[in-house]
Amino acid sequence: MKRIIIFIGHSAGGKTSTAHKLAERLGDSKVIKVDEIKIKISGSVFGKDDNERELWFKEINKQIKEELSKFDNIIVDEGFFTKEYFNKILRGVEDVRRFVVEINYSLEEHVRRNRERGEKDDEPVKRMYDL
């Protein structure tokens, strides 16, 4: 049975690295990088409004369906995730095992990884942990 594995978690958490390692290990896999889709449509990973975000959902759904016809394992590299989002990107996708994997780590690790990426402002990261 085909599989869809969705990685979620904060930025700089290792989702992309882990997705590619898993794809390599499983074989017959395709990694879909959601940030690339968002940037292609919106010019950024932040949508201006619901209409723009709806375009993201449709494109992600389309890519998942296309890749499922070619690969046994689709690995989706995503950041934020809700049940509504899950339902939209998987609309019409049947007979597939679905997995959601959350990659989580400490505030200190998040700050360290963001600094390695060249981020200088720690406040946005710290706000995520104040929820």
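In this predicted model, the side chain of K88 makes a polar contact with the side chain of E54 at 2.9 Å; a polar contact is a pair of N or O atoms within 3.5 Å, where, within protein, one must be able to donate a hydrogen and the other to accept it, and residues adjacent in sequence count only if both atoms are side-chain atoms. Local features need pLDDT of at least 70 and side-chain atom pairs count only at pLDDT 80 or more, while totals for chains, interfaces and linings use all residues. Residues are numbered from 1 along each chain as its sequence is written, and side-chain values use heavy atoms, with hydrogens and water left out.

K88 sits in helix α4, residues 83–89 (helices are DSSP runs of H or I with at least four residues, strands are E runs of at least two, and both are numbered from the N terminus). With a relative accessible area of 15%, K88 is buried (buried means under 20%, exposed over 50% and partly exposed in between, for a 1.4 Å probe and protein chains only). Beyond its neighbours within four places in sequence, K88 is in contact with E54, F57 and N61, contact meaning heavy atoms within 4.5 Å.

A polar atom of the N61 side chain lies 2.9 Å from the backbone oxygen of I89, and one lies 2.8 Å from the backbone oxygen of R91. The ring centres of F57 and Y85 are 5.1 Å apart and the planes stand at 75°, so the pair is edge-to-face (rings of Phe, Tyr and Trp, the last by its six-membered ring, pair if their centres lie within 6.5 Å; planes under 30 degrees apart count as stacked, over 60 as edge-to-face and the rest as tilted). The pair links helix α3 to helix α4 across 28 residues, and both F57 and Y85 are buried.

Next comes the nonpolar interior. A nonpolar core is a set of buried Ala, Val, Leu, Ile, Met, Phe, Trp, Tyr and Cys residues joined through side-chain atoms within 4.5 Å. The largest one has 19 residues, among which I4, I6, I60, I64 and I89 touch the most other members. Two or more residues each come from β1, α2, α3, β3 and α4, with α3 giving the largest share, five residues.
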